[in-house]
Amino acid sequence: MLYLNFPESPERLTPAEQNILDFIEEYREEFLFMTIGQMAERLGVSEATISRFARHMGCQDFKSLKAAVMEQSRPQGAVGKLAQTLLKDEAFQAAGYFQTQMRFLEKTAENLDPEVFDQAAVAILSAGRIFIHGKSASASMAQLLFFRLRRLGLAVSLLPSGGSEIAEGLALAGPKDLVILFCFSKISSEARFLLDCRKTAGYKTLAFTSRLRTQPKEQADLNLYVCRGPEQEYHSMTAAAAMIDALVVALSKKAGPEGMKNLSAVQDLKKRYGNGT
């Protein structure tokens with residue numbers, strides 16, 4: 001039984017309403033992603049019946065019913081975060097979502113330390129070798145940065161996301177090198193390992209993080225904050241990708257004409273390949 005706060009007892013619900021209650025209890029996560037129209041079609045009832053059911057549960061409307069179920073179920077991980085995001089706006093609109101991303105970018109800009117950003121660019125350009133690590137969703141950002149830096153002609157490599165291979169990939173890192181980590185809301189065991197190894201290997205670390213405050217032992221030598229949204233909602237990569245692009249543009253400016261040689265060489269090779277020569 002789904003124990004919601006409602007004045008009507010389950011015995012006084014109509015058969016159709018009891019069917020709705022049973023469905024929510026058995027398919028809670030699926031229910032959280034449904035519109036009232038989708039649920040009505042799924043159960044073969046009218047939207048008006050579902051609205052009446054919501055009021056019998058002590059909820060103002062269908063959206064309030066979802067919020068009550070969310071509060072009791074508390075789905076974890078990506079499902080919970082995405083459901084919480086969608087719950088804010090029953091009729092999802094891309095334009096509204098983009099406006100939310102603009103606020104995340106604004107918060108990222110507000111908390112940007114220009115000195116740290118400049119130090120990060122200098123550290124990347126001056127590094128003998130650059131090692132990048134990203135895990136799970138962060139792996140996409142690691143891949144993007146790897147692609148951008150490689151096109152600038154920098155000596156860059158991707159570390160495995162986990163396992164013993166990460167140590168093998170890091171074996172060559174030394175005092176002149178830089179390890180870049182993507183460790184947003186949580187510090188993974190792999191990130192802790194990379195931060196610990198800098199003590200003996202002597203390399204410098206740069207972290208992309210979505211936390212404004214971290215314990216000293218969880219901090220990299222340089223930390224770039226990116227806003228990814230509230231902790232319990234869907235975490236966006238918009239600000240992270242923008243920070244990467246900003247770094248690449250800054251690197252290109254600092255590198256000057258020399259930094260463009262590799263890009264020109266890549267373009268020449270593409271032309272030759274395209275012409276079949």
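A residue counts as buried when its relative accessible area is under 20%, as exposed when that area is over 50%, and as partly exposed in between (1.4 Å probe, protein chains only). By this cut-off Cys227 is buried, with a relative accessible area of 6%. Cys197 is also buried, at 17% relative accessibility. Zero disulfides, defined as pairs of cysteine sulfur atoms within 2.5 Å, are found in the whole structure.

The model is predicted: local features need pLDDT of at least 70, side-chain atom pairs count only at pLDDT 80 or more, and totals for chains, interfaces and linings use all residues. Residues are numbered from 1 along each chain as its sequence is written, and side-chain values use heavy atoms, with hydrogens and water left out.

The chain has 277 residues, and 39% of them are buried. Its secondary structure comprises twelve helices and five strands. These are DSSP runs numbered from the N terminus (helices: H or I, at least four residues; strands: E, at least two). Contacts are heavy atoms within 4.5 Å. Among contacts with a separation of 6 or more, 70% join residues 24 or more positions apart. The chain exposes about 15400 Å², of which carbon and sulfur atoms supply 53%. Accessible areas come from the Shrake-Rupley method with a 1.4 Å probe; for residues, only the protein chains shown count as cover.

Helix H3 spans residues 36–43. Its buried residues are Ile36, Met39, Ala40 and Leu43. Seen down the axis of H3, they fall within an arc of 100°, so they line one face of the helix. The arc is that of the directions from the helix axis to the C-beta atoms. An α-helix has 3.6 residues a turn, so residues three or four places apart point the same way. Gly44 follows H3 and has a positive phi, near 70°.
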